[in-house]
Amino acid sequence: MLALRIPLLFILASLKSYGIFASMGLAYFFSTMFGIFMLNKLIGVHIQADKHFIRKSFKFSIWNYLSNILANVPSLIMPVMILNLLGDAEAAKYYIAAAIANFVLIIPDAIGIPCS
């Protein structure tokens, strides 16, 4: 079913980069619908959604995504600020130092993640 992305890509090619994205998204959507249909038809599994749980999870998730965005903003803005204030060479030096620092901090960050 995921092979549908190729013919969909030809159909949606006029949309350029959005067409690539849409063809992949539609292929995954059709694959999911086909999988749910086959589970229902062959095994008798009925998929149901718990609206209360989805609403509760969405409230938690939206705040979690927002906090992650706010936590990542400084590291995303600093290279742009340095580029605008100091120029190309200094921005490149900053980016190299930041990449090395991120590489060194992979293990402490992984240890600090709770396993629950």
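Colleague: Why is G19 counted as buried?

Modeller: In this predicted model, G19 has a relative accessibility of 0%.

Colleague: Which residues is G19 in contact with, once its neighbours within four places in sequence are left aside?

Modeller: G19 is in contact with L9 and L12. A contact requires heavy atoms within 4.5 Å. L105, by contrast, lies 86 residues from G19 in sequence, and the two C-alpha atoms are 38 Å apart.

Colleague: What makes S23 buried or exposed?

Modeller: S23 has a relative accessible area of 2%. The limit for a buried residue is under 20%, and S23 is therefore buried. S23 also belongs to helix α2. Leaving aside neighbours within four places in sequence, its contacts are R5, L8, L9 and L12.

Colleague: How do you know whether S31 counts as buried or exposed?

Modeller: The relative accessibility of S31 is 18%. Because the cut-off is under 20%, S31 still counts as buried. S31, too, is found in helix α2, and it touches M1 and L2 when residues up to four places away in sequence are not counted.

Colleague: Which residues of α2 are buried, and what do they pack against?

Modeller: The buried residues in α2 are G19, A22, S23, A27 and S31. They pack against α1. In the chain as a whole, buried residues make up 8% of the 116 residues.

Colleague: Where does K16 lie, and what is noted about its phi?

Modeller: K16 lies in the loop between α1 (5–11) and α2. Its phi is near 60°, a positive value in a residue other than glycine. Most residues other than glycine have a negative phi.

Colleague: Why is K16 called exposed?

Modeller: The relative accessible area of K16 is 64%. Exposed means over 50%, so K16 falls in that class.

Colleague: What makes L70 exposed?

Modeller: L70 has a relative accessible area of 57%. That value passes the threshold of over 50%, and L70 is therefore exposed. The residue lies in helix α3. L70 and I36 are 34 residues apart along the chain, and their C-alpha atoms are separated by 36 Å.

Colleague: How many residues does α3 have, and what distance does it reach?

Modeller: Helix α3, residues 51–86, has 36 residues. From its first C-alpha to its last it reaches 52 Å, close to the 52 Å expected at 1.5 Å a residue.

Colleague: Where does α3 bend, and what follows the helix?

Modeller: α3 bends by about 40° at N72, and a proline, P74, follows within four residues. Just after the helix, G87 takes a positive phi of about 105°.

Colleague: What is the radius of gyration of the chain, and what value would a compact globule have?

Modeller: The chain has a radius of gyration of 22 Å, whereas a compact globule of 116 residues would have one near 13 Å. Along the principal axes, the C-alpha atoms fill a box of roughly 60 × 45 × 25 Å. The chain exposes about 10100 Å², and carbon and sulfur atoms supply 73% of that area.

Colleague: How many helices and strands does the chain have?

Modeller: There are five helices and zero strands. From the N terminus on, the elements run α-α-α-α-α. Among contacts between residues at least 6 apart in sequence, 24% join residues at least 24 apart.

Colleague: Where in the chain is confidence lowest, and where is it highest?

Modeller: Confidence is lowest in helix α5 (residues 106–111), with a mean pLDDT of 82. It is highest in helix α2 (residues 17–43), at 92. The chain averages a pLDDT of 89, and 98% of the residues score at least 70.

Methods. Residues are numbered from 1 along each chain as its sequence is written. This is a predicted model: local features need pLDDT of at least 70, side-chain atom pairs count only at pLDDT 80 or more; totals for chains, interfaces and linings use all residues. Side-chain values use heavy atoms; hydrogens and water are left out. Helices (H or I, at least four residues) and strands (E, at least two) are DSSP runs, numbered from the N terminus. The expected span of a helix is 1.5 Å times one less than its number of residues. The bend at a residue is the angle between axes fitted to the seven residues ending there and the seven starting there. Buried means under 20% relative accessible area, exposed over 50%, partly exposed in between (1.4 Å probe, protein chains only). The radius of gyration is taken over C-alpha atoms; the globule rule is 2.2 Å times the number of residues to the power 0.38. Accessible areas come from the Shrake-Rupley method with a 1.4 Å probe; for residues, only the protein chains shown count as cover. pLDDT is the predictor's confidence in each residue, from 0 to 100.
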